[in-house]
Amino acid sequence: MQTASPGDMDSLRKSEAIEAIVEQVKAGDVQAYKSIMIQFDRQMYTYCYYILKNHAETEDAVQEIFIRAYEHLHQYTRQVSFSAWLYKMAYHHLMNIKKKQSRWFKLIERCEEQVEPMPSQTLSQHEPVIHELLTHLTSEERHILLLKSVEKYTFEEISEILGLKPATVRKKYERLRHKLIERSSKKGEVIHGTFTTTNGMQ
């Protein structure tokens with residue numbers, strides 16, 4: 001019988017600790033929710049910032065996500081991890097923000113047809129290549145890449161967060177991998193260790 005690695009055991013302990021805190025909050029211990037916010041604050045900020053590209057908007061989004069998660073905590077069950085459930089909440093909130101921004105930008109374009117669109121903000125040459133390449137992905141592709149390559153979620157977990165089939169997520173991830181690798185090759189740059197093949201991945 002194969003024993004769990006120390007890393008797996010540590011991850012399991014953290015997951016169980018979060019689940020225990022969730023149950024405390026459900027039981028009426030409002031103060032315990034602060035522990036959840038502290039645990040996921042940095043992850044949520046990073047995830048939201050890669051999508052919104054604006055610090056002020058990101059801070060507002062993270063705060064709103066935690067508020068919504070608290071308000072809907074009674075709906076959470078352990079069919080998925082609390083972390084995956086929280087990311088699903090964040091995903092839907094960010095999609096709503098992007099939709100509103102899209103409608104606003106279209107309105108501006110109609111009202112100011114003579115004004116050229118502002119160039120996208122260029123990233124510092126000192127930042128990792130992956131940051132620049134992210135700007136060439138669709139919103140959905142960014143979510144998949146960040147959840148898989150950065151947050152290390154399985155395709156099954158990502159499918160639950162995004163509301164897609166695992167096989168669909170796997171195909172989309174493979175396509176965007178090739179898309180970014182091809183683009184980085186054209187720029188004469190190589191990304192080391194950012195992507196791995198999907199063979200054998202869960």
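Start with H1 (6-26), which gives five residues, the largest share, to the lining of the second largest pocket. Helices here are DSSP runs of H or I with at least four residues, while strands are E runs of at least two, numbered from the N terminus. A pocket is an open set of points on a 1 Å grid over the protein atoms alone, where a 1.4 Å probe fits and protein lies on both sides within 12 Å along at least five of seven lines; lining residues have an atom within 4 Å of a point.

Before going further: this is a predicted model, where local features need pLDDT of at least 70, side-chain atom pairs count only at pLDDT 80 or more, and totals for chains, interfaces and linings use all residues. Residues are numbered from 1 along each chain as its sequence is written, and side-chain values use heavy atoms, with hydrogens and water left out.

The pocket's volume is about 350 Å³, that being the space filled by probe spheres set on the points, which are joined across faces, edges and corners. Now select Ser-11, Lys-14, Ser-15, Phe-40 and Ser-83: of the 14 lining residues, these are the closest to the centre. Besides H1, the elements giving two or more residues to the lining are H2 (33-52) and H4 (82-111). Colour by class and you get four nonpolar, six polar and four charged residues (nonpolar is Ala, Val, Leu, Ile, Met, Phe, Trp, Tyr, Cys and Pro; charged is Asp, Glu, Lys and Arg; the others, Gly among them, are polar).

How do H2 and H6 lie relative to each other? Their axes cross at roughly 150° and come within 10 Å, so the two are roughly antiparallel. Show Tyr-47, Tyr-50 and Ile-51 of H2 against Ser-139, Arg-142, His-143, Leu-146 and Leu-147 of H6; they divide into five nonpolar, two polar and one charged.

Last stop: H6 (residues 139-150) with H7 (residues 155-162), whose axes come within 10 Å and cross at roughly 140°. This pair is therefore oblique. Pick His-143, Ile-144, Leu-147 and Lys-148 in H6, and you'll find them meeting Phe-155, Ile-158, Ile-161 and Leu-162 in H7. By class, that contact has six nonpolar, one polar and one charged residues.

Conventions
Axes are lines fitted to C-alpha atoms, for helices over the stretch in contact, and angles run from 0 to 180 degrees between N-to-C directions. Angles under 35 degrees count as roughly parallel, over 145 as roughly antiparallel, 65 to 115 as roughly perpendicular and the rest as oblique. Contact means heavy atoms within 4.5 Å.
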